[in-house]
Amino acid sequence: MNRFIGFVKKEFHHIFRDSRTMLILFGMPIAQILIFGYVVSNEITDVRIGIYDKSKDHVTQEITNKIISSGFFILHENLNSDEEIEAAFKRGIVREVVVFEPNFAKNLERDGSAAIQIIADASDANTANMVSNYTQAIINSYVKTELMAQGMPYQIIPEIRMLYNDELKGVYMFVPGTMALILMLVSAMMTSISIAREKELGTMEILLVSPLKPLPIVIGKVIPYMVLSFVNAVVIIALSYFVFGMPIQGNLVFLMLETLLFIFMALSLGILISTVSNSQMVAMFISMFALLLPTMLLSGFIFPVENMPKVLQWLSSIMPAKYFITIVKNIMIKGSGIGIIWKETLILAGMTMFFLVMSIKKFKVRLE
Amino acid sequence: MQNQTEYIVEVSDLKKTYEKVEAVKGVSFNVSKGELFGLIGPDGAGKTSIFRILTTLMFPSSGDVKLLNYDVVSEYKNIRTNIGYMPQRFSLYQDLSVEENLAFFARIFGTTIEENYDLIKDIYIQIEPFKDRLAGKLSGGMKQKLALCCALIHSPDVLVLDEPTTGVDAVSRKEFWEMLIRLKQKGITILVSTPYMDEANMCDRVALIQNGEIMSIDKPEAVIANFGRKLWAVKSNNIYQLIQDLRSIDFIDTVFPFGEYLHVTAKDLDLDLKDLKLRLKEKNHSEIEILEIEANIEDCFMELMTK
């Protein structure tokens with residue numbers, strides 16, 4: 001035990017004496033959360049839209065009014081034919097066109113369903129996705145509040161994310177993603193680099209020759225980063241709560257436990273990376289290209305998973321960050337408990353076990 | 001328990017192959033208790049491979065290797081607690097201070113600085129004034145001293161030092177060897193490798209190694225005695241031309257440059273110095289000097305290499 005404490009102490013010395021490590025550990029999370037929160041905002045305001053109302057009855061009128069009075073959209077023009085839709089998009093001012101089918105109110109009364117077509121300018125895929133989501137949310141809320149209140153039959157395709165995040169704030173989307181990204185970076189990349197550094201400098205040779213067993217070496221490497229990652233997670237959550245006013249609907253302790261699980265997963269992944277890389281450079285590149293980029297691009301952090309091609313969707317389902325983002329969103333925004341997100345939690349736990357077993361198996365007690 | 005063998009290290013027919021390269025080609029040697037054993041040869045001779053196998057960091061491709069009567073493959077755990085190892089690359093934590101490095105290595109070997117202070121005292125006392133300095137900021141000689149302290153801190157039975165004096169200045173090298181000799185007197189068996197031939201004289205026994213093969217194992221004096229022929233040091237105003245010219249003379253056997261002189265052997269037992277001088281003058285050499293000298297280890301090494 002004494003040996004082990006000595007080892008952990010040494011690791012803390014390494015971290016606190018390297019200014020670059022400190023910067024990555026503490027400067028980056030704060031900078032990232034602020035940048036994502038303020039600059040890379042996903043919020044939409046004053047989007048110009050067109051309405052093509054083929055029915056022109058009281059229901060379509062009411063929905064149109066709802067959309068325009070929401071504050072997100074400005075009615076740029078009323079359209080009167082299919083050809084005009086294309087023309088409107090080509091002029092580049094209108095981002096979205098809402099088309100009501102003929103006899104909208106009648107269909108709704110008679111069949112209990114009516115069709116609205118939302119056409120968005122997908123040359124900017126991200127905005128298009130958001131704009132259409134916003135519109136859907138408004139229509140859904142109309143169906144819920146107006147039609148349901150009158151006891152009318154209705155058809156609804158709920159867009160859950162919008163329902164709970166009714167202020168439609170972008171920062172809510174970014175906090176879970178940033179958290180996943182930073183924890184991944186700090187935990188996986190930093191551990192893998194620090195183990196690879198021992199190999200590169202030749203100190204691993206001495207550690208191996210020493211009576212320290214592989215498991216204490218690995219755990220000793222991991223503990224400092226675990227502590228620091230956890231501090232990071234707390235900082236991120238505090239920032240998002242106090243600076244951006246993000247709610248924490250769910251249980252904070254539960255949120256922290258899930259965060260710990262994710263940190264643990266990232267650390268074991270870091271160890272696995274270090275077992276296959278012999279230099280800091282290799283460890284860094286593997287972490288960058290195998291972890292950071294996929295985490296950013298495929299986890300649903302920046303680009304919605306639903307919009308991806310099937311192949312990428314499959315890839316995305318092996319991204320640990322995807323499950324963590326879902327968990328965090330659920331706890332923070334919806335206040336869900338374990339009953340809702342047990343599946344994601346189980347997947348993360350399984351991944352952690354897998355990486356841990358793999359890396360202990362692959363950890364070499366020799367140099368070859 | 002009684003130790004049945006008299007040898008601390010037993011290596012028989014050790015071979016090590018990396019993918020296509022055969023780094024160690026059937027090496028055998030034994031080291032007795034309390035011996036200072038030197039493995040001497042140029043870079044790439046296979047010294048590091050042999051030491052890594054001895055310290056259980058690598059598997060031998062074939063052959064039997066035993067340290068302290070434990071097999072390096074199956075009983076590696078027993079070996080690891082009883083050896084002190086100093087790898088070729090400087091293996092201390094550059095961002096820890098002298099004292100922190102030492103305390104760390106003491107701790108992971110389950111001991112304290114105080115417990116074995118006697119063993120390292122002579123060496124540590126020299127670097128103690130700098131104990132709060134980061135290891136990365138020490139001079140080469142001091143780094144080696146610290147590394148040696150760290151390898152010694154758990155009072156190992158065997159010390160394995162891989163090129164400890166490479167890249168260290170001449171004074172520090174001399175000091176380092178003096179420290180090794182003192183450690184030997186304390187009963188520690190020491191294996192050391194070096195590319196510097198002049199260090200061979202400090203060892204009890206040396207193995208001259210080249211291209212993964214041991215050419216000779218003996219006491220340094222015996223290796224020199226085995227040279228068995230006369231040797232001359234030759235010098236002139238144009239040393240580069242002199243090499244070519246000497247090699248073209250029919251009764252000259254070998255010519256190797258050594259500092260400002262060329263070491264020359266003859267095909268016959270003796271050399272007609274007058275005749276040699278005359279021939280060199282014919283080739284426009286002046287300031288010619290020819291001295292008969294004693295062979296050193298390096299001459300022996302060169303001699304063995306050409307065989």
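Modeller: This is a predicted model. Start with B:Cys149. Its closest cysteine sulfur is in B:Cys150, 6.7 Å away.

Colleague: Is B:Cys149 buried or exposed?

Modeller: B:Cys149 is buried, at 0% relative accessibility.

Colleague: Which cysteine sulfur is closest to that of B:Cys300?

Modeller: The one in B:Cys203, at 14 Å, again too far for a bond. B:Cys300 is buried too, with a relative accessible area of 3%. Over all chains, the disulfide count is zero.

Colleague: Next, helices. How do I describe a packed pair?

Modeller: Two packed helices are described by the angle between their axes and the distance between the axes. Take helix 11 (residues 252-276) and helix 14 (residues 320-334) of chain A: their axes come within 10 Å and cross at roughly 170°. That makes helix 11 of chain A roughly antiparallel to helix 14 of chain A.

Colleague: What classes of residue make that contact?

Modeller: The contact of helix 11 with helix 14 of chain A has 11 nonpolar residues, one polar and one charged. Helix 11 of chain A brings residues including A:Phe254, A:Phe262 and A:Met265, while helix 14 of chain A brings, among others, A:Phe324, A:Ile327 and A:Ile331.

Colleague: And how many residues are in the largest nonpolar core?

Modeller: It has 151 residues, and B:Phe29, B:Ile50, B:Leu54 and B:Leu148 have the most contacts inside it. Helix 8 (residues 171-201) of chain A gives the most to this core, 16 residues. A second, separate core of 20 residues includes A:Phe72 and A:Phe104.

Note on methods:
Residues are numbered from 1 along each chain as its sequence is written. Chains are lettered from A and ligands numbered from 1 in the order in which they are written. This is a predicted model: local features need pLDDT of at least 70, side-chain atom pairs count only at pLDDT 80 or more; totals for chains, interfaces and linings use all residues. Side-chain values use heavy atoms; hydrogens and water are left out. Axes are lines fitted to C-alpha atoms, for helices over the stretch in contact, and angles run from 0 to 180 degrees between N-to-C directions. Helices (H or I, at least four residues) and strands (E, at least two) are DSSP runs, numbered from the N terminus. Angles under 35 degrees count as roughly parallel, over 145 as roughly antiparallel, 65 to 115 as roughly perpendicular and the rest as oblique. Contact means heavy atoms within 4.5 Å. Ala, Val, Leu, Ile, Met, Phe, Trp, Tyr, Cys and Pro count as nonpolar, Asp, Glu, Lys and Arg as charged, and the others, Gly among them, as polar. A disulfide is a pair of cysteine sulfur atoms within 2.5 Å. Buried means under 20% relative accessible area, exposed over 50%, partly exposed in between (1.4 Å probe, protein chains only). A nonpolar core is a set of buried Ala, Val, Leu, Ile, Met, Phe, Trp, Tyr and Cys residues joined through side-chain atoms within 4.5 Å.
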